[in-house]
Structure formats: C-alpha cells, structure tokens
There are 2 protein chains.
Amino acid sequence: MGGFVNSLATLPEQPDEDSPAIDQRQFVNSLGKGIAVLEAFSSHPGAMSLQEIADLAGLDKSTVQRMAYTLLQLGYLRKGLDGRGFCLGTKVLDRAFDFLRSWPLIERATPVLNELQLGSHERVDLSIFDDLTICYAIRRQSKRQTFYATLVGRRIPTFCSSGGRAIMARLSDGEVDSILRRSDLIALTPKTLTDPDAIREEVQRARREGFSLVHDESLIGEVAVACAVLDHRARPVAAVHIAGSLSEWSPESFAKRFSPLAAEAAGALSGAIAPF
Amino acid sequence: MGGFVNSLATLPEQPDEDSPAIDQRQFVNSLGKGIAVLEAFSSHPGAMSLQEIADLAGLDKSTVQRMAYTLLQLGYLRKGLDGRGFCLGTKVLDRAFDFLRSWPLIERATPVLNELQLGSHERVDLSIFDDLTICYAIRRQSKRQTFYATLVGRRIPTFCSSGGRAIMARLSDGEVDSILRRSDLIALTPKTLTDPDAIREEVQRARREGFSLVHDESLIGEVAVACAVLDHRARPVAAVHIAGSLSEWSPESFAKRFSPLAAEAAGALSGAIAPF
DNA sequence: ACGATCGTATTGTAATTCAATACGCAAATA
DNA sequence: TATTTGCGTATTGAATTACAATACGATCGT
C-alpha cells in the first residue's frame, strides 16, 4: 500500500495482494491503514514508536503519524509511559464489550458455563467458530492457570483444538477438507497432529462419540473435551470446552467424567435462539 | 462530517464540533468514520442495516456502505443472520486480547486476583482508570452474577464506583474537582451520590481509611470495597475491587472483612513495574 | 402484484489523504 | 560537554482518494 506500489495496485490488474480479490472500488484504504496500525500491536505488544509501527504495518511513517494521531484522539491508542511511543488504549475493550453483549448466545451461555465450572471444578470455555480459528469468548478458570488461558479473544487453530474438532465434526466432509487445506498445519506442540488424514480420523471419532477429546496438542499437559453448539439450522457456531491437567487425569478418565457435562451444556445452548 | 458540512468544518474557524479542538489537519476523517460505524453498535447491540448505522453514526448511507464493506473484509463486522444487516465481528476481540496482553500490570494481576477470589469467595475485579470512567479489565466472579458483571470492557463512572473513589483518593483535590466537574453526575440508582460535596466527602474518607466503601450506588444490593493500584510514581492507574451482596453482608462487616485483602492485593500490584 | 427496504454497484466531482520535508526536543553516545 | 541519533510534531503541494447521489435487483410483508 501507499505510493507507487499503491498506484500499481489500483490498476485493473490486481496481482495477488493478500485477500482473495477484494473490491478495490469500495475498500476504504485509510480505514484499512488505521486498522493495520492497531493490528501491528498483535505482533508486538507494548509501546512502539511510529517507525516501529510503520515497519510492522507496512506503512509509511507519515501515514502512521496521522493514523496514530486520529486513533489517539479517539482513545484507541494512548501515549507510552513518558510520552514516548504509543500503545493500545482502553477503547478497544469497549468494542469487545459491545461484541460480547450483542450475541444472545453469549448471554445465555454465561450462567450455563458458570454452573459447568462449579460442577466440574475444571476450566470451562465457550469458543466461537471463525473459520480457521476458534476464538474464546467466555472463560471460567479453576485454579491456577497460565495467563493466556484466562484471556478472552485468544485464538487457537481450528484443526488442533478440541472445540475446533467438535465443530468440524458437525460440518460436511467438504467443509472439513476446505478448512484443513487452507490452514497452516503447523504444530503448536510436538504432539500436535498435522497430518490431514489423522485429523480427519479424529473428526470422525468425534462424530461417532458426540464429543472431541484432545490432549497435548495445543498445550502440553492439557486435556480437553468439547462439544459443538448448533444454531437453529443445526450449523455449528461455537463450542463448549472443559479443560484439565494430565497430571490429574488420564485422557480416558477425563473424557468419561466430563464429556457428558460438556454435551449437556452444548445441547442446552443449541438450537432455539439465534446466536447473534 | 462529509460534503458541504465537512467543507465548512475544514475552514479555519472550527465552531464547536465535539472534542476540544482536534487538529483538523492531521485527523483522518475516513478512519474516524469507520470507527464511528463500529461505535454505533454500542447504542444498539445486534444486527443493524446500513441505514440504521448511518443514522446512529451520523453518516451518509453511502459512506457507511463503504466503511461496512471495508470492515467486513477485515473481519470487524460480519453479516447478520440471513445475510441481512451487519453486526460486530470477532476481530474486535482480537484487539482486546492484544490490549490485555500488553499491560504487564494485567498479567501480574491475574494470579493475584485469582488468589483473592479463592480467598474471599466474592467477586473481584481489576479496573483501569480512564478519566471519567473506569473500565473493567479482569473479572473473577463467585456464584451467580448478572451478565454485565462478568464482562470485560464494562465501564462505570469514576464518581460513583468503589474503584473510582479509591482512585480519586490518590489524586489531588484539583484533579478530583476536575473529574467531578466534567462528569455527568447522573444517578445510576436512587442511592447514587450526585452532590459533588458529598462525593468529595467520601473521597476524603477513602483517603483516611485507605480504601473506599460503596453500596447501592451503581447497583442496588451490591456492596464493594476497592483500593487503588499505583504506578512507580505513586499515580493511581487501576483499582482492585471486591464486591458482594447486601443480602449477606452489612457494609461495615463487608469492609471489615475484605478491605484488608483488597489493600494487600493493590499494594502487591503497586509500584515496582510499569503498568504498560 | 405491489411497495418498501434491503444490500450492492457505478460515477463525476472535489475534497481528502499522501509522503517528503523540516523542526524542536530528549536521550544515548563519544 | 559536544554530537548524534531517534523521537513526536507540524507543514505543504500534488493527485489519489473518498464522497454521496443515483440506479439496480432481490427479498420480504402486505
């Protein structure tokens, strides 16, 4: 984007920029660049200088300057500690609040997950299906947890998460293939399955059993069961997870104990009401 | 904004738009409008048509169309249920994730708040000071809670929240006056203090006691104690809350039982490390 | 069958953003 | 202490970009 590169990209022939053929006519570049500034902080949390942001976002320093100025006024950025650098502002939390508030599913799921946590004494999560990743929207932890395991907004690849597997079990084979094909099948741990056929096998198993069971694939020492939450058309839109530690459970005993609970909760949240 | 109105606003004389004299030269209007589209969902959660968004955001339908198209491509909006309307997309959660991840204070506070919740069996929160409001960043609930009491990103006015009072107790009188003057002193409940002098009195009390005690002011039946978290320059940046129900506690017994715990946690989080 | 409203697409106009440049300041360097 | 480097800020001419009126097809409710 920007300058000569940008002018070329504006020509009829759009080579192969990034996304699959976005309508250059309607896309508002300035907005995209402003968002890119915010997104730069995903690869570098904490304060950054204009130049650093520019490098990460692939923008000119001048552009970042004006975008940062605007985002500063709007509260989406704030000045760093000593007036040096920029970091994310609290306004980004407001948008997340609006999001969480706007999904009836999330409101309905909140008491259900609370009960589930109290009943299981393990960590329980609700994740939202978002194509190649799932995104945690509700989290109820038990005892000590890693910091990231407490954060809403955390994403995990669909292909190697218990929730993702449970969701894929409710998709057609074609859709599962599409997800596996477009995913970067990179191992998060040494135990992560990266062979498409092996993953398909696990999806089949989840179809038979009605839940997915995953251990050590996204975090070593963690075992999790999950069941998909379906919308009124029986399409999977989310998943209920129960996650525990392999120091306390074998995968089998964990599944035996908690898969019925996850299934019950997911069933209670399925159907009836629109998710959003 | 936009069109003739906008051209007028671009002239040297900026009448009295909204914020106190923002530099029209550097402000990127398109970005502001795109953000305005996202913010429209704060006054109307759920799916909206282009026209509805336009009305709420004060923009032209055409403008909203292109902004929505862009935000759709970027994942910050998604199509409504049956392809009709737009609602917030999961990407807004990603930004919140980045924010939470980027504050060392939040990472440090997570285990502390966990302990505090397990020790108190009441709801505990960490809120971030943001001028006229405080914004909840970490929430650990006990039993059943109202939905909103579980949401990160929720804001409460500084003047009537326990956290806000605790924070004001660490500000100068001038700063407190400034906050009270600029706040809309609107009662959230019949018990909310709206008289500046009465609030100043409470702030004084919090200064003496080292914690703030508030009940029925933001939610009927709720009692809460809070202590400010200070940065390395002894400036308040956040607050630790402990909130319970008046059906189980009197304000006095609640304060006696939990104010030491809140003070201890806030103390442990203060000083030393930069908050962001 | 009709009318309203939805989301989408097009287009000429001109206002907007772009990016090079310069400035003052603070901190790290020598 | 002198110097350099990098920061955030501000300005400006050039032209790319966004604006908003308009039109279109689909879908829903009457």
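User: How many cavities of 30 Å³ or more does the structure hold?

Analyst: This is a predicted model, in which local features need pLDDT of at least 70, side-chain atom pairs count only at pLDDT 80 or more, and totals for chains, interfaces and linings use all residues. Side-chain values use heavy atoms, with hydrogens and water left out. A cavity is a set of points, on a 1 Å grid over the protein atoms alone, where a 1.4 Å probe fits but cannot get out; its volume is the space filled by probe spheres set on the points, which are joined across faces, edges and corners. At 30 Å³ or more, the structure holds three cavities.

User: What is the volume of the largest cavity?

Analyst: Its lining (residues with an atom within 4 Å of a point) comprises 21 residues, and those closest to the centre include A:Thr150 and B:Thr150. By class, 12 of the lining residues are nonpolar, five polar and four charged. The volume is about 260 Å³.

User: Which charged residues line the second largest cavity?

Analyst: This cavity has about 90 Å³ of space. Its lining divides into eight nonpolar, no polar and two charged residues, where Asp, Glu, Lys and Arg count as charged. Among the lining residues, the charged ones are A:Arg95 and B:Arg95.

User: How many salt bridges are there between chain B and chain A?

Analyst: A salt bridge is a side-chain nitrogen of Lys or Arg within 4 Å of a carboxyl oxygen of Asp or Glu. One of them joins B:Lys91 to A:Glu39 at 3.6 Å, N to O. The count between chain B and chain A is six.

Notes. Residues are numbered from 1 along each chain as its sequence is written. Chains are lettered from A and ligands numbered from 1 in the order in which they are written. On a 1 Å grid over the protein atoms alone, a cavity is a set of points where a 1.4 Å probe fits but cannot get out, and a pocket is an open set with protein on both sides within 12 Å along at least five of seven lines; lining residues have an atom within 4 Å of a point.
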